[in-house]
Amino acid sequence: MQFLVTGGAGFLGGALVHRLVSLGHSVRVLDDLSAGDPARLPPQASFMRGDVNDLPRLWTLLHDVECVYHLAARVSVSESVRYPREYNAVNVGGTVSLLEAVRDVGVRRLVLASSGAIYGDQPLQPLRESLTPLPLSPYAVSKLAAEQYVGLIGRLASLETVCLRIFNAYGPGQQLPVTHPPVIPHFLHQVLGQGSLVVHGSGAQTRDFVYVDDVVDALVAAATAPDVNQRVINVGSGAETSVNDLVRQIEAITGREAHVLRVNEQDSGVSRMCADLTLARELLGWTPQTFLQEGLRRTLVSDERFAARPVSDQ
Ligand code: NAD
């Protein structure tokens, strides 16, 4: 198949492109490199630097494409609180631009990388797709708006669409921006470098950490699964891990004791996150394969930023 992956030079996009190429597909990548790195792409992929709001460029790239993966986005919850306009322009505006171009050119299917952040704080766990979203950040609002546009323009233009609500993905190659580092690579980096880990609130807040290869499996399945049109599907591990538990697991896998600084904060983010995977099993035939301990181990041994440092056998 011929694919276009927007945001394909990013963490999840790069892993997806590698997989698609290894399956024998042709892949074009559009990425503005605001966070991505073309060096992570395999030589078989054809890369174009550009903005997802650039319609003429999209028309060219979409020629003969059967399926588009839309991953290009600004991805930090905390940064989105500071720059909501930017998040709206890229995550909502960029999605609408892409949908216009896809509609004009005629593509069979579009898969959106949406987010579990859309759920916000919900009393009922695990989180089912039928819950009313309670977005708590401009990032979450932008992803919800993108989902709505994808569903609506998909219906109007007879384009098949599917939105995957990805939870906290992690794995080798995940970016570590200084201002808003994702928790797993940040904690690994700090423990291995004998720095401190800052835990906000009690540390009892939970997240659903899903390994990058599992996310890629779900994305690949979403391109061809037969009954997914107009569906929104969770992609998580289905397991709930508290931040305190994550610290313990990181100590076990690195063989190092973590120096934890506890910051008393009323607002330590959403209190619980755990994905219900019933729909993913039914519609994508997908279940995650990698438990957190194994995913952490693979991250340590495969990510060159960590691999040089000694790791315990535990
Ligand atoms: P990432 O930042 O590594 O990838 C995003 C890519 O989009 C980057 O390469 C960036 O350069 C590119 N990009 C940003 N703005 C662009 C623009 N205007 N035009 C073209 N390219 C642009 O992040 P990621 O973790 O790989 O996330 C990929 C997608 O998955 C995003 O849509 C994100 O919202 C979604 N998602 C990720 C997670 C996660 O835990 N990683 C969880 C839920 C959803």
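This is a predicted model: local features need pLDDT of at least 70, side-chain atom pairs count only at pLDDT 80 or more; totals for chains, interfaces and linings use all residues.
Two strands count as paired if DSSP finds at least two bridges between them. The ligand is surrounded by 30 residues. The protein buries 95% of the 810 Å² that the ligand exposes when taken alone.

**Ligand shell**
- Leu12, Asp31, Arg74, Tyr139 and Lys143 are the closest residues to the ligand.
- The shell comprises 16 nonpolar, nine polar and five charged residues.
- At least two shell residues come from each of helix 1 (11-22), strand 5 (109-115), helix 5 (138-156) and strand 7 (168-170).
- Strand 5 contributes the most, with three residues.

- Asp31 places a polar side-chain atom 2.6 Å from a ligand oxygen.
- For Lys143, a polar side-chain atom is 2.8 Å from an oxygen of the ligand.
- Gly10 uses its backbone: a polar atom there lies 3.2 Å from a ligand oxygen.
- Taken alone, the ligand exposes 810 Å², and 95% of that is buried by the protein.

**Strand 6 and its partners**
- Strand 6 spans residues 160-166, and six of its seven residues are buried, so the rest of the structure largely encloses it.
- Strands 5 and 6 run parallel and are joined by seven bridges.
- Leu110 has Thr161 of strand 6 as its bridge partner.
- From strand 5 the chain passes through helix 5 to strand 6, a right-handed β-α-β crossover.
- Strand 6 also pairs with strand 11 (residues 231-235), in the parallel sense, over five bridges.
- Opposite Cys163 stands Val232 of strand 11.

How values were computed
Residues are numbered from 1 along each chain as its sequence is written. Side-chain values use heavy atoms; hydrogens and water are left out. A residue is near a molecule or strand if one of its heavy atoms lies within 4 Å of it. A polar contact is a pair of N or O atoms within 3.5 Å; within protein, one must be able to donate a hydrogen and the other to accept it, and residues adjacent in sequence count only if both atoms are side-chain atoms. Accessible areas come from the Shrake-Rupley method with a 1.4 Å probe; for residues, only the protein chains shown count as cover. Helices (H or I, at least four residues) and strands (E, at least two) are DSSP runs, numbered from the N terminus. Ala, Val, Leu, Ile, Met, Phe, Trp, Tyr, Cys and Pro count as nonpolar, Asp, Glu, Lys and Arg as charged, and the others, Gly among them, as polar. Buried means under 20% relative accessible area, exposed over 50%, partly exposed in between (1.4 Å probe, protein chains only). A crossover is right-handed if, with the strands pointing away from the viewer, the path from the first strand over the helix to the second runs clockwise.
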